[in-house]
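Open the model in your viewer and keep the selection panel at hand. The tour goes stop by stop.

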Amino acid sequence: MLQKLMIEQRIIDAGVVAVVRAEGVQQALNIADACMQGGISAIEITFTVPGAVEVIKELNFHYGDRLVLGAGTVLDAETARLAIINGANYVVSPSLNIDTVKLCNRYQIPCMPGAMTVKEAVEAMEAGADIIKIFPGELFGPNIIKAFKGPLPQASFMPTGGISLDNAEEWITAGAVALGVGGALTGRAKDGDYAAVTETARKFIDIVHRVRSR
């Protein structure tokens with residue numbers, strides 16, 4: 001099992017977290033494989049995917065420590081524990097649920113609850129959250145990180161929602177430690193075009209590397 005700080009650092013190093021929403025197990029596995037081929041080593045399987053636990057188990061078995069595997073859309077501690085015991089390395093939630101954060105800390109698993117305000121971000125940090133998920137990102141834009149960093153320079157933020165190839169550079173430049181990318185990355189999977197998913201993954205990774213190398 002990867003240690004908590006190592007997992008968090010690997011998410012940051014990856015720079016992009018592929019948020020996988022799919023219609024079933026096989027499609028989710030195909031999307032994850034396509035993202036891995038494109039260089040994205042951090043993947044979040046959302047619990048909106050039918051059979052999400054099976055997907056997590058399969059990916060954990062297939063990739064092991066080569067993949068930083070997360071569970072997303074986790075609404076409660078029960079779901080978090082289910083994900084963790086089946087191989088999830090980190091847990092992502094759309095909002096703050098104190099019991100979920102406590103559970104993750106008990107198992108020494110990074111937790112990323114969603115926040116829309118400074119108050120919510122502070123409450124998440126006080127509860128023991130590791131990275132604050134700015135969600136939904138499209139409602140605010142990259143300037144929200146600069147605004148949050150004013151009173152909270154010590155906080156780590158990962159925007160999710162509305163992240164695209166057109167604005168990824170702005171988000172990283174603004175201070176995002178990583179980007180949670182969903183539809184803009186995985187959308188072509190609906191047509192079975194997994195090669196397009198791989199190519200898009202490469203483009204996101206290239207953007208992150210380019211900005212960080214400045």
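Where does Leu139 lie? Select it: Leu139 sits in the loop between strand 7 (132-134) and helix 7 (143-149). Keep in mind that this is a predicted model.

**Stop 1: the surface around Leu139**

Is Leu139 buried or exposed? Its relative accessibility is 57%, so Leu139 counts as exposed, the cut-off being over 50%. Together with Leu139, they form a nonpolar patch on the surface. The accessible area of the three together is about 270 Å².

**Stop 2**

Switch to a cartoon view. Look for an open sheet of 6 strands, ordered 5-4-3-2-1-9, with parallel pairing. Which strands are at the edges? Strand 5 (111-112) and strand 9 (179-181) are the edge strands, and each pairs on one side only.

Next, select residues 16-20 and residues 42-46. These are strand 1 and strand 2, which run parallel and are joined by 4 bridges. Pick Val19 and look across to strand 2: its bridge partner there is Glu44.

**Stop 3**

How many salt bridges does the structure hold? There are 6. Side chains of opposite charge can pair when their charged atoms come close.

Select Lys119 and Glu123. They form a salt bridge, with the closest N and O atoms 2.6 Å apart. Both residues lie in helix 6 (residues 118-127), 4 residues apart, about one turn of the helix. Lys119 is exposed, at 57% relative accessible area. Glu123 is partly exposed, at 31%.

**Stop 4: Arg188 and Asp193**

Select Arg188 and Asp193. This pair forms a salt bridge too, and its closest N and O atoms are 2.6 Å apart. Arg188 counts as partly exposed, with 44% relative accessibility. Asp193 also counts as partly exposed, with 23%.

**Stop 5: helix 10**

Select residues 194-212, which make up helix 10. Show the side chains of Glu199 and Arg202. Their salt bridge has its closest N and O atoms 3.6 Å apart. Glu199 and Arg202 are 3 residues apart in this helix, so about one helical turn separates them. Glu199 is partly exposed, with a relative accessible area of 35%. Arg202 is partly exposed as well, at 39%.

**Last stop: a network**

Which residues are linked with Glu169 in a network of salt bridges? Select Arg210 and Arg214 along with Glu169: these are the residues of the network.

Conventions
Residues numbered from 1 in each chain as written. Predicted model: local features only at pLDDT ≥ 70, side-chain atom pairs only at ≥ 80, totals over all residues. Heavy atoms only, no water. Pairing = 2+ DSSP bridges. Helix = DSSP H or I, 4+ residues; strand = E, 2+ residues; numbered from the N terminus. Patch = residues over 30% accessible without salt bridge, like charges linked within 9 Å, V, L, I, M, F, W, Y side chains within 5 Å. Areas by Shrake-Rupley, 256 points an atom, 1.4 Å probe, with all protein chains shown as cover. Salt bridge = Lys/Arg side-chain N within 4 Å of Asp/Glu carboxyl O. Buried < 20%, exposed > 50% of the residue type's maximum accessible area, 1.4 Å probe, protein only.
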